[in-house]
Amino acid sequence: MELPDVIDLCLNLPGAEETTPFGPEALVYKVAGKMFAVTVPEDFPSRINLKCDPERAIELRDEHKGIRPGWHMNKRHWNTVMLDGTVPPKLIRELVQHSYELVVAALPKKAREGLEKTVRTKKPARKAAKKAAKPKR
């Protein structure tokens, strides 16, 4: 999985936004103002830092050479995931979702409810769009 694909995953999560609080070279992905992913697109090989449950973070580092303690982050709560083909795409998608969910779970109730409303209002629109795209017989 390549960095543009992972960025798309991040930006397609409800309420996600791309910011540059550390300068133009670092892209930070946030939900409700809280960071769940960060990357520097010019880095080679590409990599992304993702928040992770501390116990799972250790297990992942032991199982995958492409998952390391979070670069420039709290190493207990963050992993750096290399996007060099050593980590399966399915696992990368799961880790992006896990990072996002950890941050959302820690948000105040009102912020979580706002995100849930966003998700509920988007679902019918997708169904309507699919229905409109189907050819009539």
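Strand E2 is largely enclosed by the rest of the structure, because five of its five residues are buried. The model is predicted, and among the elements of the chain E2 (residues 27-31) has the highest mean pLDDT, at 97.

**Strand E2 and its partners**

Leu27, Tyr29 and Val31 point one way from E2, whereas Val28 and Lys30 point the other way; all of them are buried. E2 is paired with E1 through four bridges and with E3 through five bridges. Both pairings are summarised below.

| E1 | 16-19 | four | antiparallel | Glu18 |

**Lys30**

Lys30 is found in strand E2 and is buried, yet this residue has no salt bridge. The nearest side chain of opposite charge is that of Glu17, 6.0 Å away. Not counting residues up to four places away in sequence, Lys30 touches Gly15, Ala16, Glu17, Thr19, Pro21, Met35 and Phe36. Glu17 is thus both a contact of Lys30 and the nearest side chain of opposite charge to Lys30.

**The chain as a whole**

The chain contains four helices and six strands. From the N terminus on, its elements follow the order α-β-β-β-β-α-β-β-α-α. Of the 137 residues, 38% are buried. The accessible surface of the chain is about 8800 Å², and carbon and sulfur atoms contribute 54% of this area. Among contacts with a separation of 6 or more, 46% are between residues 24 or more positions apart.

**Confidence**

The mean pLDDT of the chain is 86, with 85% of the residues at 70 or more. At the other end of the range from E2, helix H4 (residues 109-133) has the lowest mean pLDDT among the elements, at 58. Over residues 123-137 pLDDT stays under 50, and the model has zero contacts beyond four places in sequence for these residues.

Terms used
Residues numbered from 1 in each chain as written. Predicted model: local features only at pLDDT ≥ 70, side-chain atom pairs only at ≥ 80, totals over all residues. Heavy atoms only, no water. pLDDT = per-residue confidence, 0-100. Helix = DSSP H or I, 4+ residues; strand = E, 2+ residues; numbered from the N terminus. Contact = heavy atoms within 4.5 Å. Buried < 20%, exposed > 50% of the residue type's maximum accessible area, 1.4 Å probe, protein only. Areas by Shrake-Rupley, 256 points an atom, 1.4 Å probe, with all protein chains shown as cover. Pairing = 2+ DSSP bridges. Lys, Arg positive; Asp, Glu negative; His and termini not counted. Salt bridge = Lys/Arg side-chain N within 4 Å of Asp/Glu carboxyl O.
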